[in-house]
Number of protein chains: 2
Amino acid sequence: MGAYEDLMGYERQTQALGQVAGRLGWDQETVMPRGAAPQRAEESQAMEQVLHGRRTHPRVGAWLAQINEGALDKVGRANMRHIRRRYERSRRVPSALAGEIARVTSEAQGQWAEARATEDWAGFRPVLETIVRLKREEAAALVAGGAYDGDPYDALLDDYEPGATGADLQAMFDAMRPRLVALRDRVLGASHQPAGLEGRFDESAQIRLAGELAIAFGYSLAHGRIDKAVHPFSSGSGLDVRITMRTSKTDPFNAVYATIHETGHAAYEQNIARDHLLTPLGAGVSMGVHESQSRLYENQLGRSRAFTGWLFDRFREHFGEFDIADAEAFWGAANRVYPGYIRTEADEVQYNLHILLRFDLERQLIAGTLDVADLEEAWNTRFAADFGVAVDKPSNGVLQDVHWSVGLFGYFPTYSLGNVYAGCLHQAMRAAVPDLDAFLGQGDPATPARWLRDNVQVHGGLYEPAELIERACGSAPHVGPLLDGLEAKFAEIYRL
Amino acid sequence: MGAYEDLMGYERQTQALGQVAGRLGWDQETVMPRGAAPQRAEESQAMEQVLHGRRTHPRVGAWLAQINEGALDKVGRANMRHIRRRYERSRRVPSALAGEIARVTSEAQGQWAEARATEDWAGFRPVLETIVRLKREEAAALVAGGAYDGDPYDALLDDYEPGATGADLQAMFDAMRPRLVALRDRVLGASHQPAGLEGRFDESAQIRLAGELAIAFGYSLAHGRIDKAVHPFSSGSGLDVRITMRTSKTDPFNAVYATIHETGHAAYEQNIARDHLLTPLGAGVSMGVHESQSRLYENQLGRSRAFTGWLFDRFREHFGEFDIADAEAFWGAANRVYPGYIRTEADEVQYNLHILLRFDLERQLIAGTLDVADLEEAWNTRFAADFGVAVDKPSNGVLQDVHWSVGLFGYFPTYSLGNVYAGCLHQAMRAAVPDLDAFLGQGDPATPARWLRDNVQVHGGLYEPAELIERACGSAPHVGPLLDGLEAKFAEIYRL
């Protein structure tokens with residue numbers, strides 16, 4: 001066997017172990033006995049050490065040096081790109097620094113939860129200062145020798161969205177912000193405001209409906225399962241991709257749209273070509289592309305007029321009569337925009353404004369142009385400007401998200417990038433499947449979603465994210481389709 | 001840090017990874033999507049390779065050579081004993097042979113299931129011949145240099161029951177067999193035959209009852225959970241010990257006694273001193289001692305007159321009226337002896353006869369005094385002698401158990417050894433807790449079971465199995481208490 005085959009054999013085991021580590025996370029959030037937590041922490045840490053050891057093993061470097069990439073086919077070159085990127089990134093960060101980051105962020109998760117619960121920003125600030133300092137050191141190590149054109153933020157971003165740069169995203173997001181702020185103002189100021197759902201909705205009926213929706217969107221239970229968890233998530237690749245959901249007595253839309261969202265993530269993983277199973281190409285290629293699938297399923301398909309028309313009847317079947325008169329009003333209820341501080345509860349219009357705020361601030365933190373000491377003021381000023389209200393307490397502001405406390409810098413923008421991708425893909429999908437609304441109106445999103453499977457999902461990690469979207473859409477990703485779509489939909493619903 | 005601390009730090013991670021591998025098995029039998037099987041096989045294999053690599057790593061050998069065992073305390077010496085035994089056993093078997101055994105037995109599992117389903121002993125025979133040949137090679141490698149006094153069967157047995165020898169077990173079992181055969185004949189020939197349960201029993205009530213029984217026997221749901229599975233089992237050590245159960249519409253005793261049995265295994269793991277968590281001492285010390293706990297909980301406690309008296313009322317609460325008139329008749333129903341070919345369905349009287357048959361045959365297979373070609377005839381001849389009936393088909397005889405096809409030689413005798421230990425422990429427990437029956441009659445086996453916790457379970461792997469039982473009982477394990485107990489109980493029930 002040649003070096004490439006040896007490397008891929010080794011990589012296959014690493015991928016399999018990565019799946020095991022991921023499933024341990026699923027177990028923890030769904031079925032783990034509560035008293036098992038301390039032991040589980042050691043188990044997860046041991047798995048991470050095994051994985052880190054394999055990814056940075058000198059043997060990998062030797063294979064990479066030996067392999068003649070020019071002699072490989074397209075799949076081989078893509079595999080090499082992934083393995084090389086991961087190897088080089090892991091090797092550049094000194095292991096003492098990596099260990100320190102793991103230790104500090106592991107502790108910080110509890111400290112953040114405590115600080116959020118007690119509104120203690122002052123108490124958490126020194127912790128975040130340490131984390132920002134360590135992440136800046138990590139970024140400096142990654143850009144050493146001129147990588148990422150020396151931009152430390154780009155070095156961190158690359159972990160979640162390979163090939164993307166902070167400057168490109170900045171340009172994209174700067175073009176979005178004024179239109180979103182204007183749309184938000186018009187919607188919230190409109191004289192017609194659609195009513196929301198009122199009353200209580202049977203939770204076992206929500207679970208049944210969510211299961212039916214996952215299948216309607218193409219999720220395979222032969223290679224997955226649906227459980228309840230505190231937070232909805234999707235987990236795993238290949239032949240074992242599991243999702244979770246939750247219920248709320250008063251808000252069945254929560255169960256429904258979280259399930260459709262996670263089905264988008266899971267369908268992506270399930271639809272990757274089987275040839276890529278347990279190879280670097282056998283998982284979603286980036287956070288942005290992943291989010292594009294979940295958002296497109298959830299919003300452009302799931303919150304469309306056509307689909308909610310069908311869903312209205314399912315709601316009446318599952319929950320009996322409720323306070324919404326007709327399908328038109330139900331469409332409005334599923335798309336309601338309301339003021340709020342919290343990103344994870346935000347509607348389609350305001351969601352990206354939450355992200356843009358975090359992106360700008362974290363980019364400045366990593367660049368060193370904003371100190372953690374000034375972060376709360378910067379957050380609150382920006383929030384007032386974009387959302388028109390003052391933040392009332394840290395848990396509604398700078399302390400609301402866990403991301404920074406666990407070291408995730410460069411992650412937030414992939415949410416909005418995913419929305420931008422989703423806008424472009426939806427436009428291309430409509431052109432390719434002209435009777436899309438007819439399928440949606442019959443409760444069959446899975447049939448038109450085959451276009452996504454064949455043009456995006458099946459490729460796994462074969463193409464870089466931007467190239468993948470451009471191949472599917474015929475042009476480079478841009479904000480137009482997303483914003484045009486939002487403006488058109490909300491003008492109709494709010495009679496602007 | 002010294003070499004001992006280094007070794008123990010490394011070992012702690014290995015133990016944590018072993019728990020992860022075990023939990024993967026739990027997942028597979030309870031919640032895994034059916035289409036995930038091929039990927040899961042690769043995941044499990046990758047975990048096994050990681051574990052094998054760690055256990056045989058030259059670093060372990062270097063640490064073992066460096067450590068001055070005389071300077072260690074009792075716990076330290078016990079840890080060394082476990083690590084050294086595992087290391088030396090793993091190193092003595094050439095990795096090509098270990099790999100070949102893994103490959104052949106992995107395939108053989110499916111071949112065995114197929115052969116059993118089609119009654120195709122002739123088709124499976126060559127597969128078993130290969131496995132016996134490979135296991136004999138493995139045993140020969142293990143005894144090289146005079147280990148295990150050169151006895152290949154002892155070398156295999158040591159994996160499941162450290163310190164036990166085939167000759168000792170032979171003497172023990174030879175003393176049991178005539179008394180068991182005689183008891184079996186008297187019981188099946190008795191004029192009084194207790195009636196069994198008739199009718200159908202609600203399965204969700206069985207699940208509720210089984211959960212209550214697990215807790216009554218001391219199982220902690222803070223560190224465990226109960227799920228349904230095809231086969232009942234217990235899985236995991238330390239803070240995460242899970243059990244499974246199954247239901248049968250017509251036989252609620254199946255759910256009840258399988259759950260009590262698995263609770264015995266799980267309580268053992270849960271009650272090991274927390275100091276031993278994720279060390280070699282943090283798991284049950286041998287298969288025989290493990291089985292002693294599960295059998296004692298199931299039989300000596302769970303099938304006692306006192307406990308079934310309490311259980312009779314619980315049955316009526318959970319299932320309403322059924323066809324058994326009083327507690328006395330219920331005791332008889334829970335202890336019914338009936339002719340049958342299948343070990344896993346056997347009653348307390350006949351179970352050990354099934355084991356003794358297998359033990360004698362597998363000992364001859366490994367010694368080379370019996371060929372696989374002659375195995376079916378040997379099985380059937382022995383079965384007719386001990387059970388008084390002729391085997392009608394291979395699935396009721398030589399093909400009924402999976403053990404040999406997955407390479408488990410030396411495992412079977414631990415079932416009967418566990419029963420012998422259980423007899424001794426039960427006798428000592430009755431002496432130490434004179435009002436045992438009063439607790440059982442109130443449905444509280446957990447309180448008297450504290451004696452087992454304090455005298456057996458808490459120690460984990462601190463003592464060798466025989467020493468552990470001797471310390472708890474005050475004398476070396478012997479067959480008397482088990483057989484005396486069986487003869488007394490069945491004489492009462494069957495009015496002999």
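**Figure 1. Cover over helix H13 of chain B.** Helix H10 (252-271), helix H12 (305-319) and helix H20 (480-493) of chain B are among the elements that cover the buried residues of H13(B). Helices here are DSSP runs (H or I) of at least four residues, strands are DSSP runs (E) of at least two, and both are numbered from the N terminus. Helix H13 of chain B runs over residues 327-334, and its buried residues are B:Phe330, B:Trp331, B:Gly332, B:Ala333 and B:Ala334. Buried means under 20% relative accessible area, exposed means over 50%, and partly exposed lies in between (1.4 Å probe, protein chains only). The model is predicted: local features need pLDDT of at least 70 and side-chain atom pairs count only at pLDDT 80 or more, while totals for chains, interfaces and linings use all residues. Residues are numbered from 1 along each chain as its sequence is written, chains are lettered from A and ligands numbered from 1 in the order in which they are written, and side-chain values use heavy atoms, with hydrogens and water left out.

Figure 2. B:His261 counts as buried because its relative accessibility is 10%. Apart from neighbours within four places in sequence, B:His261 is in contact (heavy atoms within 4.5 Å) with B:Glu291, B:Ser294, B:Arg295 and B:Glu298.

**Figure 3. The surroundings of B:Asn419.** B:Asn419 lies in helix H16 of chain B, which covers residues 413-432. The relative accessible area of B:Asn419 is 6%, so this residue is buried. When residues up to four places away in sequence are not counted, B:Asn419 touches B:Arg295, B:Tyr351, B:Asn352 and B:Leu482. B:Arg295 is also one of the residues in contact with B:His261. B:His276 is 143 residues from B:Asn419 along the chain, and the C-alpha atoms of the two are separated by 26 Å.

**Figure 4. Two residues with positive phi in chain B.** Most residues other than glycine have a negative phi. B:Glu119 has a phi near 55°, a positive value. Its place is the loop between helix H5 (95-118) and helix H6 (121-143) of chain B. B:Glu119 counts as partly exposed, because its relative accessibility is 28%. B:Arg495 is not a glycine, yet its phi is positive, at about 50°. B:Arg495 sits in the segment after H20 of chain B. With 61% relative accessibility, B:Arg495 counts as exposed.

**Figure 5. The contact between chain A and chain B.** Each side has its own count: 37 residues from chain A and 37 residues from chain B take part in the contact. The two chains bury about 3000 Å² between them, and 58% of this is on carbon and sulfur atoms. A:Pro33, A:Gln39 and A:Glu42 supply 19% of the area that chain A buries against chain B, more than any other three residues. Buried area is the accessible area (1.4 Å probe) that two parts lose on being put together, summed over both.

**Figure 6. Chain A as a whole.** Chain A contains 20 helices and 3 strands. Its C-alpha trace spans about 65 × 50 × 50 Å along the principal axes. Of its 496 residues, 56% count as buried. Among contacts in chain A with a separation of 6 or more, 74% join residues 24 or more positions apart.
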